[in-house]
Amino acid sequence: MDKVNHAYDERRVLRDVQVTLTERRVAVIGANGSGKSTFARLLNGLVVPDDGEVRVNGLSTRTDGAAVRRQVGFVFTDPDAQIVMPTVAEDVAFSLRRRKLSRDDTARLVAEHLDTFGLGGHADHPAHLLSGGQKQLLALCSILVTQPQVLVCDEPTTLLDLANSRRITELLAGLSQQIVLVTHDLDAVLSYERVLVFADGTIVYDGPPADAVKQYRMMITGT
Amino acid sequence: MLTGAYVARPSPLHHLPAGGKLAALAVACTGLLMVRTPAGVGVATAAVAGLYVVGRIRPAEAWAQVRPLRWFVAAILTVQLLITDVPAAISLTARIVLAVALAGLVTLTTRTTDLMAAMERALRPLRRLGVDPARVALLMSLAIRSVPVVAGIARRVRDAQRARGQERSIRAFAVPLVVGVLRHADTLGEALQARGMDD
């Protein structure tokens, strides 16, 4: 990210953000409205910066948005907004449409991934009848079936209970992809290699997790 | 009909091609228009019930298809009873219910992806007029998927209304519902983009 600025109407949400993310595990923390979610959306071209440049593996999100999105998967806070097909298996299969696979290959890949995520028994179930945790698992499964190189997760556990939140956190930890996790869960970031702390649209701290969490707590409590 | 409630069962209806079922649905609904007598309605009802049995659909699942119509049916039956005789009123109302039940049977026994594929094939000739069949088919599946989501938003808004003692206020229901639906539409668009729909 090179000197990125962004505003929604009159409200500036990011100011001169300059960062290169090479670590496999990067977490982003900060108060509501600090610019975290916009930062995450910039990474796969959902938001194009007003000024500056965002590049993923050399591709600009401004000119190669679709190509970037093929490399960068995005998990939203609310899985209900991300699940677009009525049944579980159909939603995973939807992600494979652009790969033009045969019907059998698609069915095989879908079944394999659903089994991996513990959703094999729910393949033909209506997605809206799944629990919150299962919906987030399905959202993750539908993204990972396309094998993105990078996974950006925007508060994926905010709407989940403690058990499901742990389950998603553990699942993310086991993935081979580079992960950029936006979260309010300060325990979850402790296992990450690098943590960015956002405040008022800028990165106010960038470093190891323990120091980042300490810095963030000081910002919040003022001590 | 728009519940997206496909139920996986080993029935002959499940194995029929989606395009064939849609064509048969169109023919059957046209045929229903021609049924005028109570005896004819009785035969049609038996035929539809028979198809539900062949499709191995449980009574509760079948009821769920026509249940949302109950207030509409009551209203239309009342109006018809005022302007026509009893057999004609019952016949007209029953035909509407049967048409919806048949449409529900198609969605219960057909995967949405198969319906989408059939619709894409059927709309292919319209490409010359600038219609994108894949987009139209996607629109249909999004509509099906959005029904339970919008119902969930409506339920939350109603709960909030009750909690604040505003049960009778139409505005207190409509405004947050519209805002919630628009917000959902916004995020859904973003999710589609994130999942490569702009390729």
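1. A salt bridge is here a side-chain nitrogen of Lys or Arg within 4 Å of a carboxyl oxygen of Asp or Glu. By that rule, 6 salt bridges are found across the interface of chain A and chain B. The structure under review is a predicted model. One salt bridge joins the side chains of A:R103 and B:D114, with a distance of 3.1 Å from N to O.

2. On the extent of the interface, the size is often given as the accessible area lost when the parts come together. Chain A and chain B bury about 2,600 Å² between them. Of this area, 53% lies on carbon and sulfur atoms. The contact draws 29 residues from chain A and 32 residues from chain B.

3. On the side of chain A that touches chain B, at least two residues each come from α2 (65-71), α3 (79-82), α4 (88-95) and α6 (132-144) of chain A. The largest share is that of α4(A), which supplies 4 residues. By residue class, the side of chain A that touches chain B divides into 12 nonpolar, 7 polar and 10 charged residues.

4. Chain B, taken as a whole, has 9 helices and 0 strands. The C-alpha trace of chain B spans about 50 × 50 × 35 Å along its principal axes. Of the 199 residues in chain B, 37% are buried. Among contacts in chain B between residues at least 6 apart in sequence, 71% join residues at least 24 apart.

5. The domain assignment divides chain B into domain 1 (12-110) and domain 2 (126-194). Taken over C-alpha atoms, the centres of domain 1 of chain B and domain 2 of chain B are separated by 27 Å.

6. Within chain B, B:Q161 deserves a separate point. B:Q161 lies in helix α8, residues 133-163 of chain B. B:Q161 counts as buried because its relative accessible area is 4%, and buried means under 20%. Leaving aside residues up to four places away in sequence, B:Q161 touches B:Q166, B:E167, B:S169, B:A172 and B:F173. B:E190 stands 29 residues from B:Q161 along the chain, and the C-alpha atoms of these two residues are separated by 29 Å.

7. In chain A, attention may turn to A:D154, which is found in strand β8 (residues 150-154). A:D154 counts as buried because its relative accessibility is 3%. The side chain of A:D154 makes a polar contact of 2.8 Å with the side chain of A:R41. A further polar contact, of 3.1 Å, joins the side chains of A:D154 and A:S37. Not counting residues up to four places away in sequence, A:D154 touches A:S37 and A:R41, together with A:F74, A:V75, A:F76, A:T77 and A:V182.

8. Helix α1 of chain A covers residues 36-43 and is mostly covered, with 7 of its 8 residues buried. The buried residues in α1(A) are A:K36, A:T38, A:F39, A:A40, A:R41, A:L42 and A:L43. Just after α1(A), A:G45 takes a positive phi of about 80°.

9. Two backbone angles should be noted by the reader. Most residues other than glycine have a negative phi. A:D9 has a positive phi of about 55° although it is not a glycine. A:D9 lies in the loop between β1 (2-8) and β2 (11-17) of chain A. With a relative accessible area of 76%, A:D9 is exposed, because exposed means over 50%.

10. A:K100 likewise is not a glycine and has a positive phi, of about 50°. The place of A:K100 is in the loop between α4 and α5 (103-116) of chain A. A:K100 is exposed, because its relative accessible area is 73%.

How values were computed: Residues numbered from 1 in each chain as written. Chains lettered and ligands numbered in written order. Predicted model: local features only at pLDDT ≥ 70, side-chain atom pairs only at ≥ 80, totals over all residues. Heavy atoms only, no water. Contact = heavy atoms within 4.5 Å. Buried area = accessible area lost by both parts, 1.4 Å probe. Nonpolar A, V, L, I, M, F, W, Y, C, P; charged D, E, K, R; others polar. Domains from an automatic or database assignment. Buried < 20%, exposed > 50% of the residue type's maximum accessible area, 1.4 Å probe, protein only. Polar contact = N/O pair within 3.5 Å; in protein donor to acceptor, adjacent residues only side chain to side chain.
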